[in-house]
Amino acid sequence: MNQRTNARLILGIALVVFCTVMRQLPHPWNLTPVGAVSLFSGACFDRRRWAFIVPLTAMFISDSVIGYHSLMPVIYATFALIVVLGMLLRERRRSPGYVAGGAVASATIFYIVTNFAMWTISTLYPKTLAGLIACYVAAIPFYGTMLIGDLLYSALLFGAFVWAERRVPIFAASSR
């Protein structure tokens, strides 16, 4: 492994630790860095496998402490989809507009997919269009906190990484 690969691996491990710790600390529902880390991993990791491993490992470790639930497969698949979205940002990751758009798309994808899954398995909502709408309406506050978290943590992660790329040679953008 070369120094650049080692540096990125260390970054990946740091992100796993960061996500795991942030999910353990008291916080408003869905105000965690996992969506932003998924987006960031897709955009910034040279090796695609690490882009998926980092956020999903963070989720698994923290879920091992928090507890498992029936929506886990859907949530993990949604974060994997957000990694793919991040991969679409690879060349644009330095643009605040694209990063903000990615963060909004990330929270929106999570909201749409996970609440549809919740509606399909839950007994709280009738299996009608009105029940589906009620499920989405009930989840609006969670969407708001997810959106804030994704925007905040994306700004932090992408901003810090762009700063590091410009100031620390080991993180300098590679030629693709």
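Visitor: How much space lies in the largest pocket?

Guide: About 780 Å³. This is a predicted model, where local features need pLDDT of at least 70 and side-chain atom pairs count only at pLDDT 80 or more, while totals for chains, interfaces and linings use all residues. Residues are numbered from 1 along each chain as its sequence is written, and side-chain values use heavy atoms, with hydrogens and water left out.

Visitor: And what's a pocket here?

Guide: On a 1 Å grid over the protein atoms alone, a pocket is an open set of points where a 1.4 Å probe fits, with protein on both sides within 12 Å along at least five of seven lines; lining residues have an atom within 4 Å of a point. The volume is the space filled by probe spheres set on the points, which are joined across faces, edges and corners.

Visitor: Which residues lie nearest its centre?

Guide: Trp-29, Asn-30, His-69, Ile-75 and Phe-110, out of 26 lining residues. The lining divides into 17 nonpolar residues, seven polar and two charged. Here Ala, Val, Leu, Ile, Met, Phe, Trp, Tyr, Cys and Pro count as nonpolar, Asp, Glu, Lys and Arg as charged, and the others, Gly among them, as polar.

Visitor: Which helix gives the most to that lining?

Guide: α5 does, with five residues. Helices are DSSP runs of H or I, at least four residues long, numbered from the N terminus.

Visitor: Switching topic, how many aromatic pairs does the structure hold?

Guide: Nine. Rings of Phe, Tyr and Trp (its six-membered ring) pair if their centres lie within 6.5 Å; planes under 30 degrees apart count as stacked, over 60 as edge-to-face and the rest as tilted. Tyr-111 and Tyr-136 make a tilted pair, because their planes are at 50°, with ring centres 5.4 Å apart. Tyr-111 is in helix α5 (residues 96-121) and Tyr-136 in helix α6 (residues 129-138), so this pair ties together parts 25 residues apart in sequence.

Visitor: Are those two tyrosines buried or exposed?

Guide: Tyr-111 and Tyr-136 are both buried, meaning under 20% relative accessible area, with exposed over 50% and partly exposed in between (1.4 Å probe, protein chains only).

Visitor: What sits over the ring of Trp-119?

Guide: The charged end of Lys-127, 5.9 Å from the ring centre. The rule wants NZ of Lys or CZ of Arg within 6 Å of the ring centre and within 35 degrees of the ring normal.

Notes
Helices (H or I, at least four residues) and strands (E, at least two) are DSSP runs, numbered from the N terminus.
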